[in-house]
Amino acid sequence: DITGVIPLMVVSDYLTEIAEASMEQVVRLAWSHLTARHGRPGGMDTEDMGFVVLGYGKLGGIELGYGSDLDMVFLHDSYPATASTDGHKPVANDVFFARLGQRIVHLLTTRTPSGILYEADMRLRPNGNSGMLVSSLQAFERYQLHDAWVWEHQALVRVRPVAGDKRLMAGFEACRRHILGQPRDAVQLRAQVVEMREKMRANLDRSNKGQFDLKQGKGGIADIEFMVQYSVLRWAHEHPRLLDWTDNIRLLESLAKADLLHDLRAELLANAYRVFRAVYHRNALQELPGLVSMENLTEERNIVAEIWDDLMLTQVLTGE
């Protein structure tokens with residue numbers, strides 16, 4: 001990475017694969033510990049774990065950098081609801097899965113002589129920090145369809161299952177496609193996405209007279225991500241192939257292929273995104289904040305801001 005032999009996107013692929021391999025092992029260790037104590041959850045196929053780890057954010061978008069934390073949600077698929085484990089110290093299935101989730105977080109975040117494995121961020125689960133650590137797939141789908149905010153659907157655009165039960169992974173993918181494939185009112189959706197972006201910028205943008213915030217500044221990373229997420233939510237019910245990917249570069253390519261975003265715009269946004277991420281990545285490697293001189297990256301920032309104003313702040317939308 002430092003010598004430039006491996007490009008940034010491949011470095012992120014490798015870092016994401018390391019995280020996924022680590023998560024698979026952590027889940028196995030936690031599962032082994034809990035089943036030795038309580039037995040396997042009752043009422044389930046002996047081949048199934050009935051548990052899956054969903055990767056959100058950079059983990060879901062295959063864009064991990066050095067020092068990235070893991071945004072995750074845990075789901076289980078346990079029937080019947082009243083079943084218990086079959087060990088010598090049986091507990092209800094939902095208690096078992098809650099303890100499994102706690103054990104996974106403990107293994108990830110325990111400090112060792114080499115430090116911790118990863119910081120775990122569980123705030124994106126249904127109902128946030130006040131919600132259950134592990135939800136059922138059915139409860140997750142009900143929440144997303146009836147109670148979730150638009151920003152939660154935006155976050156779902158970047159979600160992938162990264163560890164756990166293969167059958168439940170497939171079940172989640174069908175659930176995700178159903179939720180994101182719902183028809184939406186374009187004008188209302190755009191207004192909600194813009195409102196959330198403005199709130200986020202007001203609270204998180206660290207730009208000042210001399211420095212630009214690569215992620216939250218106007219014309220930065222988050223503006224590109226919000227445009228991509230808006231576009232996917234806007235058109236996924238007509239173009240389900242938009243749901244095949246979770247990373248921004250391939251989502252931009254998919255939008256261009258479907259003629260929903262002009263080829264040149266998609267290319268300009270993808271190039272700017274790569275440039276911003278490369279600088280952000282290099283800062284992280286040097287343990288520097290995600291800020292650059294206000295004199296830097298002006299061309300990329302202006303391009304992103306111009307496309308944002310046209311796509312999100314006017315009534316003219318491609319395809320309408």
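This is a predicted model: local features need pLDDT of at least 70, side-chain atom pairs count only at pLDDT 80 or more; totals for chains, interfaces and linings use all residues.

Author: First, a word on names: helices and strands are DSSP runs, numbered from the N terminus.

Reader: Why is Q216 called buried?
Author: Buried means under 20% relative accessible area. Q216 has 7% relative accessibility, so it counts as buried.

Reader: And what does Q216 touch?
Author: Skipping residues up to four places away in sequence, Q216 touches R197, M200, R201, L204, D205 and A222.

Reader: What makes helix 8 roughly parallel to helix 11?
Author: Their axes cross at roughly 30° and come within 10 Å. Angles under 35 degrees count as roughly parallel, so helix 8 gets that label with helix 11. The crossing is left-handed, too.

Reader: Which residues make the contact?
Author: Helix 8 brings D223, I224, F226, M227, Y230 and S231, while helix 11 (residues 298-312) brings V304, I307, W308, L311 and M312. By class, that's nine nonpolar, one polar and one charged.

Reader: Which residues touch the most other members of the largest nonpolar core?
Author: L54 and F140 do, in a core of 56 residues. Helix 8 (residues 221-235) gives the most to this core, with nine residues. Apart from this core lies another of 29 residues, including M44 and F51.

Reader: How do you know that L54 is in contact with F140?
Author: Contact means heavy atoms within 4.5 Å, and F140 is among the residues in contact with L54, along with V73, L75 and F172.

Conventions
Residues are numbered from 1 along each chain as its sequence is written. Side-chain values use heavy atoms; hydrogens and water are left out. A nonpolar core is a set of buried Ala, Val, Leu, Ile, Met, Phe, Trp, Tyr and Cys residues joined through side-chain atoms within 4.5 Å. Buried means under 20% relative accessible area, exposed over 50%, partly exposed in between (1.4 Å probe, protein chains only). Helices (H or I, at least four residues) and strands (E, at least two) are DSSP runs, numbered from the N terminus. Axes are lines fitted to C-alpha atoms, for helices over the stretch in contact, and angles run from 0 to 180 degrees between N-to-C directions. Angles under 35 degrees count as roughly parallel, over 145 as roughly antiparallel, 65 to 115 as roughly perpendicular and the rest as oblique. A crossing is left-handed if the near helix is turned anticlockwise from the far one by less than a right angle, and right-handed if clockwise. Ala, Val, Leu, Ile, Met, Phe, Trp, Tyr, Cys and Pro count as nonpolar, Asp, Glu, Lys and Arg as charged, and the others, Gly among them, as polar.
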